[in-house]
Amino acid sequence: MSGAIAVWAVELGLFALVTAALLAERPFALGATAAAIALVVVLARAWPRGRDAVAAAFRGNRPAAFAGGAVLALALPFPLRASPYWTFIATMALVYVTIGHGLNLQLGTAGVINLAGAAFAGLGGYTVGLVTVRLGLPPSLALLAGPLVAVAVGALLFIPILKVRGHYLALVTIAFGFIFTILMNNLEFTGGPQGIKNIPALRPFGYAFTSAPRLLGMTLPYHANFYFAALAMAALVTGIAWRLHNSWVGLVLNTLRDDEIAAKCSGVPVARYKLLAFSLGNLAIGLGGAFYAVMVGFVSPPDFDFGYSLIMLSVVILGGLDSIPGVVLGACLLIPLPERFRMLHEYRLLLYGVAIILMLLFRPRGLWPAAVRRYGLREPAAAFGPDGPVANPATAGEAS
Amino acid sequence: MSLFATRDLTVSFGGLTAVDRVGVTLEAGETLGLIGPNGSGKTTFFNAVTGLVPAAGEVTFRDRSLAGLEPHAICREGIARTFQSSRLCLGLSVFDNVLIGMRSQARSGLWDALFRRGRALADVRRSLAQAAHLLGLFNADLVARGFDPVGELPQIDRRRVEICRALAARPHLLLLDEPSAGMSPEETVELMKDLQVVRGEMPGLSIILIEHDMHVIEGVSRQVVAFNYGRKIAEGTFAEVARNDEVREAYLGRGSASRLPTPRPGSTVQE
């Protein structure tokens with residue numbers, strides 16, 4: 001019990017630090033927050049025993065840690081209520097969590113390079129625009145159609161992708177990304193450079209997402225509606241990504257990423273699994289794009305240009321390739337941070353570049369590197385099962 | 001009908017014929033040694049049999065033709081292999097590297113992974129128990145290091161893991177592509193002992209072994225086939241092949257054939 005309380009205390013402290021970092025405006029408050037963050041970082045480095053104790057507490061109290069994290073994630077819009085802007089940015093971070101998991105499945109888990117993440121998000125977003133504005137269907141339906149269109153187009157693109165590897169694969173996907181923005185700029189029915197405006201707001205069960213919610217006696221900006229929806233979406237996708245990673249599917253995809261020939265000779269139909277990873281990834285990326293379109297109410301070609309593909313890539317690489325918590329961490333750092341440093345505006349991409357180079361130098365496997373799959377076992381010896389080593393488990397397995 | 005047979009198996013790369021009308025047969029439970037100088041087409045022969053390179057001619061296995069099958073389908077027919085230069089996933093754990101070999105026998109898929117977690121986990125753990133058992137046959141220490149990345153293991157243990165991965169597919173035929181490559185003589189002896197243990201555990205298993213070291217071949221296989229320039233130049237017992245003039249010439253060049261080890265009379269072959 002004391003462990004759970006320690007975990008919650010740490011989480012609450014981090015939460016306070018994050019909200020302070022987002023909201024601090026005056027130089028003094030900003031300086032104090034920066035000093036507090038620096039102190040935490042220095043403490044984590046210089047006091048390994050304390051760090052290990054905290055890590056052990058988290059390991060020993062998983063359910064409590066998850067519950068605390070969920071409560072705090074739900075609570076974030078309350079301290080941010082005076083700032084619709086930061087609520088929006090927090091929502092964007094969650095959209096990038098969703099997209100990041102999709103890209104991570106392709107790039108990190110299966111090694112299928114996709115440098116057109118923004119284009120697949122754009123397919124989701126534009127589908128929402130076309131389905132709602134041109135066809136007049138409800139946006140909740142469009143939210144489902146968007147990802148499916150991304151998957152369908154991705155499957156078509158997969159035919160040339162299957163034949164090429166490495167750098168050529170990167171080139172094919174870059175080309176696809178450019179083709180997408182050029183097409184959107186020039187096609188009549190997608191609105192050309194103007195894009196598609198006035199995408200209607202979500203109205204699930206008659207509740208308008210444009211109305212400001214009143215919760216616990218506090219009025220939140222209407223952006224909080226999207227925050228909660230994005231939180232549900234990101235949590236769902238994270239759960240799915242986690243389950244995929246810790247299963248046969250994750251293992252098969254990792255193997256064909258590391259050595260395609262070995263995978264083939266171990267009985268893995270490589271092409272089919274690559275298509276699976278690519279499609280499931282595009283499903284998540286398309287969902288993120290569709291959600292973005294519904295939230296902003298507007299899509300245009302520059303929203304999905306190559307720069308955003310690079311941001312998505314940075315989220316995955318910064319967090320740690322093939323690492324599920326890494327994607328979450330990467331998105332939650334890379335999306336709000338540049339907003340915090342708005343004075344850099346045009347140089348935002350430069351910041352990403354510097355961050356990636358620093359990462360490659362100091363933490364080449366990401367901020368939160370992928371862990372070994374343990375299938376819920378603590379000790380390797382537990383692999384023998386409850387009966388311990390048996391004479392011939394191959395025949396024992398068949399008998400059961 | 002023999003377990004495995006090739007007839008007129010031919011692999012050409014442009015004008016070069018790497019494997020030239022090779023016919024090899026193997027009965028269930030037997031071990032066949034494949035010898036020949038570098039570039040004589042031994043590995044290409046394996047690649048053709050496992051479907052990695054297109055080949056002309058016939059391959060029959062358990063009374064079925066393997067012509068035109070994809071590598072993964074050939075693995076599912078019951079032929080597993082190792083590679084001359086290691087093809088392990090160095091970043092993945094020892095267990096994961098062996099588990100992948102059992103994928104074809106797994107009973108849970110994507111649906112279970114997402115929605116029936118308990119079933120999927122139970123399925124993986126069943127395979128994990130078999131993987132642990134297999135690894136234990138070679139080296140109990142490998143089980144204790146089951147969750148360590150394979151890249152942290154010494155060379156001989158990596159080779160063992162790779163053989164375990166191939167055995168994990170429960171093959172009827174195991175193709176070992178020079179398992180002793182890059183290992184010291186002592187390690188080679190150790191590995192061959194391991195192979196005898198495996199033979200004892202899986203009496204029905206047939207093995208084709210590519211090997212440079214004639215002493216190793218002598219210890220493990222009764223039947224030997226010699227390749228040179230993609231052709232089968234000799235076939236028979238170890239003693240017969242080692243005595244063959246063409247083989248001696250291929251290995252040692254003209255006139256120096258006497259340096260090749262002469263088989264001890266009545267040397268026993270462990271089967």
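These legends walk you through several views of chain B in a predicted model. Local features here need pLDDT of at least 70 and side-chain atom pairs count only at pLDDT 80 or more, while totals for chains, interfaces and linings use all residues. Residues are numbered from 1 along each chain as its sequence is written, with chains lettered from A and ligands numbered from 1 in the order in which they are written.

**View 1. The whole of chain B.** Look for 11 helices and 10 strands; helices (H or I, at least four residues) and strands (E, at least two) are DSSP runs, numbered from the N terminus. The radius of gyration, taken over C-alpha atoms, is 19 Å, close to the 18 Å from the globule rule (2.2 Å times the number of residues to the power 0.38) for 271 residues, so chain B is as compact as a globular protein of that length. Of these 271 residues, 48% are buried, where buried means that 20 or more other C-beta atoms, placed from the backbone, lie within 10 Å of the residue's own.

**View 2. The open sheet of chain B.** Follow the 6 strands in the order β6-β7-β8-β3-β9-β10, with mixed pairing; two strands pair if DSSP finds at least two bridges between them. At the edges stand β6 (79-81) and β10 (231-237), each with a single partner strand, so one side of each has no neighbour in the sheet. From one strand to the next, the twist averages 20 degrees. Such angles run from 0 to 180 degrees between N-to-C directions, with axes fitted as lines to C-alpha atoms, for helices over the stretch in contact.

**View 3. β6(B) beside β7(B).** These strands run parallel and are joined by 3 bridges. Find Ile79(B) and you will see Leu173(B) of β7(B) opposite.

**View 4. Helix α1 across the strands.** Helix α1 (residues 42-49) of chain B lies across β3 (31-35), β6, β7, β8 (206-210) and β9 (223-228). The helix runs at about 145 degrees to β7(B). Contact here means that the C-beta atoms of two residues, placed from the backbone, lie within 7 Å.

**View 5. β9(B) and its two partners.** With 5 of its 6 residues buried, β9(B) is largely enclosed by the rest of the structure. Parallel to it runs β3(B), joined by 4 bridges, and Gly33(B) stands opposite Val224(B). The pairing of β9(B) with β10(B) is antiparallel, with 6 bridges, one of them linking Ala226(B) to Ala234(B). In their hairpin, which has 2 residues between the strands, Tyr229(B) takes a positive phi near 50 degrees.

Conventions
Buried ≥ 20, exposed ≤ 12 C-beta atoms within 10 Å, placed from the backbone.
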